[in-house]
Amino acid sequence: MVRRSPFFRQVVEWFRTEEIACEETACAGWPFPALLLHTRRQTPLLLTCIDLEHWEALGLPERPEFLQHFIQQHSADGTHVMVLWEDLWYTGNVLIRSRILAVLGTSVRIPARLTRVKRIDKPTADPFLDQHHLQGSTAARYRYALYLPARYFRVLPPGMAPETGELLLAVATFGPIRNFERETGVWRSAELIRYASLQGCTVVGGLTRLLTGYTRLHTPDDVMTYTDQEWSAGHSLEKAGFTSLQLTPPLAFFVDTVQWRRYPEKHLDTKILHAAGTHFVKIHNAGNRKHVRICSQQPAPSGNIPSIETPPFPAPSQAGPLVFIAGPTASGKTALAVQLAYETGAEIISVDSRQVFRHMDIGTGKDLDAYTVRGTRIPVHLIDIRLPHESYSVFDFQKDFYRTLQSIRDRGKTVIACGGSGLYLEAVIRHFRFGESGAPQLPPYQIFCLNPSPERRRARITERLIHRLENGMIGEVRDLLAHHARAGQLERLGLEYNYLTGYLTGHYTREQMVRKLETEIHRFAKRQMTFFRKMERSGIPLQWVPDVPFQQQLTFIRERLNLS
């Protein structure tokens, strides 16, 4: 029996308000109301509205394939099927309506040829995605945007153009490029993670333009992405050169029908489920469709090729002195190193015993987004060079450091070594001898060590830990345990990976894990400072950076490097 819920009646009323013609239609075997609409492309749009109470009453939480089969059945003739869940209508109403209008072809249409492609940073991309993408922002390595210059504001409706500057129209984010060994050589594969355009706008050819700009700069062999089967028919991806591949299985979610919040089943904290009691309804999505765009086999683009507005590195005539920036955890080393590298055209070598491991980004504090300044990506070395289950010693680091240092300086570049692993730093300064290993002569160097007050250091550590726990660190360790390393291997890496593994394997409650981990990070930072002071007493010259605001610290280092 089809049930017309209050939320369905709200949807119908909205269409009437927008003067959009729709007619209710019956779908065989489908117990929810559906509306038939016509799009600008003359493709029928079938919009079905699912209320959670009826979903549960019909026993559908135990039929994960039910929704996926419905979409496959009704899209076989080219119909664009969209699924509107009750919780999404209430929590993302503005975005939902904008998305539907875009599919119908009634949004503002702006030709992509009028736009400029720019590399943007995380603070620019994330708020835009949080406002204009149904799933919000997420971690990414590269971010690009389309801007409409002021001279083309004439194509905008009244009131849409900003008073000054240019208008941000669309954002695309990409993950790190992964290398795969094939018989014909290394294959470089990239992932398009998010694409969103300004609410109420459709940038015609926008995705193609962003992809062309991105692939021109990074030269991947392919770009893969996923579309939500409940919302996208993949037409824009087809126009951008993607080929549709396999369909992923449905995923389960629990929806809190009081707060209208969704929780993925595999990441759901049982305490949340218990606290919500009977307020949770289990649902299954329709899965995602994987798409791939082969870049290496496409002809070179011609015509109006978008250029990326990325300021070039300064090109020093010869490499400057080797600069070390050291300090305890959460002291701000990376920000200083990146800014100095941007100003001097330097490249960075990471001096961190855990950032060498792949798939360990949040817990090790790689801060990959921090290596971009004003659209310029700062090269960083000796991160992501080992798998989590592989070993990596001080000897390995010493060899890799000397090799990387020589390679960078051979190209006439300055090197900034940045990190808090004191033993690694001492190994390359003192030329520790491991068996028959050689010890090349280091160029002139200066070591700057950050020295935050204990109060500031503790506050930063606590703030950072809370942020990481709320932004995916637990999920990162769960993924490592599932796919990349055993519990014992992660525990040996200490700190975050030790205690989070203990929590996920049942040795600690969440409260115990957070308390123990915070205490141990504080102790670790104190031990780091003790090690640096011991290095200084043993004859290694350190220049202590005062505990002052960032710009003053930067000035302190610039003056001693004769950069001011």
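Predicted model: local features only at pLDDT ≥ 70, side-chain atom pairs only at ≥ 80, totals over all residues.
Figure 1. C49 is buried, at 1% relative accessibility. Its closest cysteine sulfur belongs to C22 and is 9.6 Å away, too far for a bond. C449 is in no disulfide either, the nearest cysteine sulfur, in C418, being 11 Å away. C449 is buried as well, with a relative accessible area of 0%. The disulfide count is zero, because a disulfide needs two cysteine sulfur atoms within 2.5 Å.

Figure 2. S232 has a relative accessible area of 17% and is buried. Apart from neighbours within four places in sequence, S232 is in contact with H80, R99 and T227.

**Figure 3. Salt bridge between D126 and K122.** The N to O distance is 2.7 Å. Both residues belong to helix 6 (residues 122-132) and are four residues apart, about one turn of the helix. D126 is buried, with a relative accessible area of 11%, whereas K122 is partly exposed at 34%.

**Figure 4. Salt bridge between E426 and R430.** The side chains meet at 2.9 Å, N to O. E426 is buried, with a relative accessible area of 14%; R430 is partly exposed, with 33%.

**Figure 5. Salt bridge between R560 and E559.** The closest N and O atoms are 3.6 Å apart. R560 is partly exposed, at 33% relative accessible area, and E559 is partly exposed, at 44%.

**Figure 6. Salt-bridge network of R141, D361, K366 and D384.** Salt bridges link these four residues in a network. The whole structure contains 22 salt bridges.

Definitions and conventions:
Residues numbered from 1 in each chain as written. Heavy atoms only, no water. Buried < 20%, exposed > 50% of the residue type's maximum accessible area, 1.4 Å probe, protein only. Contact = heavy atoms within 4.5 Å. Helix = DSSP H or I, 4+ residues; strand = E, 2+ residues; numbered from the N terminus.
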